[in-house]
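Hi,

Here is the model I promised to pass on. Have a look at it first, and then read my notes below.

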Amino acid sequence: MKSNSIFLQLWLLLLAALPAAASSFVTVRDGRLMRDGAPYRYIGANFWYGAILGSEGQGGNRQRLCGELDRMKRMGIDNLRILVGADGQRGGRYKVEPTLQESPGVCNDTLLAGLDYLLMEMGRRGMVAVLYLNNSWEWSGGYSYYLEQVGAGRVPLPNVEGYEQYVRYAAQYAANERAHRLFEDYVRFILGRTNRYTGLPYTEDPAIMAWQICNEPRAFSREGLPAMRSWLSEVAALIRRMDVRHLISTGSEGAVGCEGDYDCYEAICTDPNIDYCTIHVWPYNWGWSKAGRLSEDLPRAYSKTKEYIDRHLQICRRTGKPLVMEEFGYPRDGFVFTTTSPTRARDAYYRYVFSLVGTDPLFAGCNFWGWGGAVVPRHEWWQVGDEYTADPAQEQQGLYSVFASDRSTLKVIRDAIRQLSKRRP
């Protein structure tokens with residue numbers, strides 16, 4: 001056993017010593033994302049569970065991880081948006097597990113190794129990660145975890161007790177200083193890490209494109225918007241003090257995440273520590289298309305999407321910062337979740353979104369939601385022991401996932417990446 005362990009350590013050191021394909025950090029210059037001295041425009045994916053796959057514990061599957069990374073890289077996908085880790089105890093219904101931050105100051109070392117391994121493998125392939133540290137939604141802990149830790153009471157689950165109940169609960173986070181302090185301790189811990197496989201401090205790893213404060217930060221009330229803006233500014237300043245090389249973004253949905261207040265969104269983007277602006281677009285979730293009319297409602301989805309992008313690009317022009325549409329999705333035809341169901345409407349919507357990237361110099365990229373890869377879901381709702389897809393535990397498995405078997409969607413993505421590479425910067 002001892003000799004095998006020494007051999008493994010030597011092998012990992014050898015892998016880490018191999019030249020990384022990612023030769024420089026992603027930066028911002030004159031309102032554009034830059035990489036290796038050239039404008040960086042991309043079509044990427046959401047791959048929230050990547051760090052879990054990289055572990056050797058519950059949910060870990062390094063063989064699958066490397067296969068998924070290779071498959072995406074062959075398609076031209078080199079930008080992945082990833083959850084650093086979930087929070088809280090295991091066993092919660094509609095929640096990701098295993099969790100990384102089990103309690104304040106206590107993190108699962110097996111999952112930390114998974115994040116290290118993921119970043120090493122992404123760096124070897126010239127891929128970059130946007131790592132988000134918090135979540136306004138219950139599926140990975142986030143707001144609700146920190147509120148529970150400071151005595152705000154049990155979190156009401158949207159899928160059980162209703163969306164409005166959860167909103168009232170989560171609205172406490174925006175101004176809860178004790179919850180903020182716990183989160184800031186977590187930020188310090190993660191940014192202070194050194195990758196055990198590469199020897200690189202996280203703050204010096206070019207495989208990380210950006211630190212993202214939160215997945216879809218919301219105040220959940222208009223009254224809470226000033227407090228949310230102040231919190232985002234404080235966390236951005238903390239990250240900048242610790243890391244001067246990586247980009248920082250909020251993870252905002254745009255005006256939708258600011259209770260429809262475009263002025264609040266612009267004020268958040270104006271913060272000097274925020275390097276680029278983000279939006280998310282969800283035509284079905286936001287009522288622009290209906291379950292029984294996914295194809296018929298495509299024209300409305302197109303027009304609403306274009307209008308939303310354009311309004312945020314106006315803000316980007318005033319702030320001089322790039323825009324990334326880092327989440328968007330469209331359900332499978334007939335609102336069916338099986339991997340064998342067709343995706344004609346989704347393919348059309350993807351094709352439309354991809355056609356917009358790069359048409360404005362400030363519109364730098366997009367990440368579809370999300371990469372489901374080479375799995376076939378066992379259950380409509382995720383259960384412990386199931387393989388991970390792009391759909392977290394609170395959503396039907398297959399709702400928004402792009403699987404390796406979705407040949408038509410994969411062709412749309414490959415074609416769009418080729419076309420993007422031909423567009424003039």
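Where does S405 lie? You'll find S405 in the loop between β15 (402–403) and α13 (407–422); helices (H or I, at least four residues) and strands (E, at least two) are DSSP runs, numbered from the N terminus. Before going further, a word on the source: this is a predicted model, where local features need pLDDT of at least 70 and side-chain atom pairs count only at pLDDT 80 or more, while totals for chains, interfaces and linings use all residues. Residues are numbered from 1 along each chain as its sequence is written, and side-chain values use heavy atoms, with hydrogens and water left out.

Back to S405. It has a relative accessible area of 45%, so S405 is partly exposed (buried means under 20% relative accessible area, exposed over 50%, partly exposed in between, with a 1.4 Å probe and protein chains only). The C-alpha atoms of S405 and A374 are separated by 7.3 Å, although these residues are 31 residues apart along the chain. K411 counts as partly exposed, at 48% relative accessibility.

Next, the aromatic rings. The structure holds 35 aromatic pairs. Rings of Phe, Tyr and Trp (its six-membered ring) pair if their centres lie within 6.5 Å; planes under 30 degrees apart count as stacked, over 60 as edge-to-face and the rest as tilted. Take Y284 and F335: the ring centres are 4.8 Å apart and the planes are at 40°, so this pair is tilted. Y284 sits in the loop between β11 (277–281) and α11 (298–319), and F335 in the loop between β12 (323–328) and α12 (344–356), so the pair ties together parts that are 51 residues apart in sequence. Y284 is partly exposed, with a relative accessible area of 26%.

Then there is the edge-to-face pair of F328 and Y349, at 6.3 Å centre to centre and with 65° between the planes. F328 belongs to strand β12 and Y349 to helix α12, so this pair links parts that are 21 residues apart in sequence. F328 counts as buried at 0% relative accessibility, and Y349 is buried at 0% as well.

Ring pairs also link W137, Y143, Y145, Y146, Y163, Y166, Y173, F183, F220 and W231 into a cluster.

Two arginines sit over rings. A charge sits over a ring if NZ of Lys or CZ of Arg is within 6 Å of the ring centre and within 35 degrees of the ring normal. R35 lies over the face of Y40, at 5.5 Å from the ring centre, and the charged end of R81 is over the ring of Y132, 4.4 Å from its centre.

Now for how some helices pack. How do α11 and α12 cross? Their axes come within 11 Å and cross at roughly 25° (axes are lines fitted to C-alpha atoms, for helices over the stretch in contact, and angles run from 0 to 180 degrees between N-to-C directions). That makes α11 and α12 roughly parallel to each other; angles under 35 degrees count as roughly parallel, over 145 as roughly antiparallel, 65 to 115 as roughly perpendicular and the rest as oblique. On the α11 side the contact (heavy atoms within 4.5 Å) is made by L298, A301, Y302, T305, K306 and I309, and on the α12 side by A345, A348, Y349, Y352, V353 and L356.

The axes of helix α9 (residues 225–242) and helix α10 (residues 262–270) come within 10 Å and cross at roughly 15°. α9 and α10 are therefore roughly parallel to each other too. Here L225, M228, R229 and L232 in α9 meet C264, A267 and I268 in α10.

Last, some backbone details. Most residues other than glycine have a negative phi, and most peptide bonds are trans. The bond from E97 to P98 is cis, with omega near 5°, and P98 lies in the loop between β5 (79–83) and β6 (101–103). Another cis peptide bond joins W369 and G370, with omega about -10°. Y94 has a positive phi, near 65°, and is found in the loop between β5 and β6.

Cheers
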